[in-house]
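Biologist: I would like a close look at one part of this model, namely the salt bridges and what surrounds them. Please give the cut-offs as you go.

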Amino acid sequence: QVQLVESGGGLVQAGGSLRLSCSTSGRAFSGYAMGWFRQAPGKEREVVAEINWNGGTTYYAASVKGRFTISRDNAKNALYLQMDNLKPEDGAVYYCAAGSSPFAGGKYNYWGQGTQVTVSS
């Protein structure tokens, strides 16, 4: 059974930091791209950051570039998102996802249940 489980969400003041983690099991995700997505109330789900299979290439949405850092530890089957200088508009449910290709930009087949991030002004 494939599982992706996010953790690390919570309430933080604007300007603060959070680190999201995603643990994976049931499949070897080390050979596949992974990503973080978010969905705020009333809005469509959007990509936040993606990372290729070996961590060598990353992609960030313009709104988070320079503030968020995606990373992975394939030995631990884990994906991370370091979020710094958080803004109220970053508040959303954050999801990790695993792709069907080694490279970012492809289809994502597996999703976690999400973790809530709330940023107070």
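Modeller: A polar contact is a pair of N or O atoms within 3.5 Å; within protein, one atom must be able to donate a hydrogen and the other to accept it, and residues adjacent in sequence count only if both atoms are side-chain atoms. By that rule, the side chains of Asp 90 and Arg 38 are joined by a polar contact of 3.0 Å. This is a predicted model, where local features need pLDDT of at least 70 and side-chain atom pairs count only at pLDDT 80 or more, while totals for chains, interfaces and linings use all residues. Residues are numbered from 1 along each chain as its sequence is written, and side-chain values use heavy atoms, with hydrogens and water left out.

Side chains of opposite charge can pair when their charged atoms come close. The criterion for a salt bridge here is a side-chain nitrogen of Lys or Arg within 4 Å of a carboxyl oxygen of Asp or Glu. Searching the whole structure gives three of them. Arg 38, Glu 46, Arg 67 and Asp 90 are linked in a network of salt bridges.

Start with Arg 38, which is found in strand 4. Strands (E, at least two residues) and helices (H or I, at least four) are DSSP runs numbered from the N terminus. Arg 38 forms a salt bridge with Glu 46, and the closest N and O atoms of that pair are 2.7 Å apart. For accessibility, buried means under 20% relative accessible area, exposed means over 50%, and partly exposed lies in between, using a 1.4 Å probe and protein chains only. Arg 38 has a relative accessible area of 5%, so it counts as buried. Glu 46 has 35% and is therefore partly exposed.

Arg 38 also has a salt bridge with Asp 90, with the closest N and O atoms 3.0 Å apart. This pair links distant parts of the chain: Arg 38 sits in strand 4 (residues 34-39), Asp 90 in the loop between strand 8 (78-83) and strand 9 (92-99), and 52 residues separate them. Both partners are buried. A further polar contact, of 3.4 Å, runs from the side chain of Arg 38 to the side chain of Ser 63. Contact in general means heavy atoms within 4.5 Å. Leaving aside neighbours within four places in sequence, the residues in contact with Arg 38 include Val 48, Val 64, Phe 68, Glu 89 and Tyr 94.

The remaining salt bridge joins Arg 67 to Asp 90, at 2.7 Å between the closest N and O atoms. Arg 67 lies in the loop between strand 6 (58-60) and strand 7 (68-73) and Asp 90 in the loop between strand 8 and strand 9, so the pair ties together parts that are 23 residues apart in sequence. Arg 67 is at 10% relative accessibility and so counts as buried. Asp 90 is buried at 1%. Not counting residues up to four places away in sequence, Asp 90 touches Arg 38, Val 64, Arg 67, Phe 68, Asn 85, Val 117 and Val 119.

Four strands form an open sheet in the order 1-3-8-7, with antiparallel pairing; two strands pair if DSSP finds at least two bridges between them. Its edge strands are strand 1 (3-7) and strand 7, each of which pairs on one side only. Neighbouring strands of this sheet are turned by 15 degrees against each other on average, direction ignored. The axes behind that angle are lines fitted to C-alpha atoms, for helices over the stretch in contact, and angles run from 0 to 180 degrees between N-to-C directions.

Strand 8 pairs with strand 7 in the antiparallel sense over six bridges. Strand 3 (residues 18-25) is also joined to strand 8 by six bridges, again antiparallel. Leu 79 in strand 8 is the bridge partner of Arg 72 and also of Cys 22. Gln 82 in strand 8 stands opposite Thr 69. Five of the six residues of strand 8 are buried, which leaves the strand mostly covered. The hairpin of strand 7 and strand 8 has four residues between the strands, and Asn 77 there takes a positive phi near 55 degrees.
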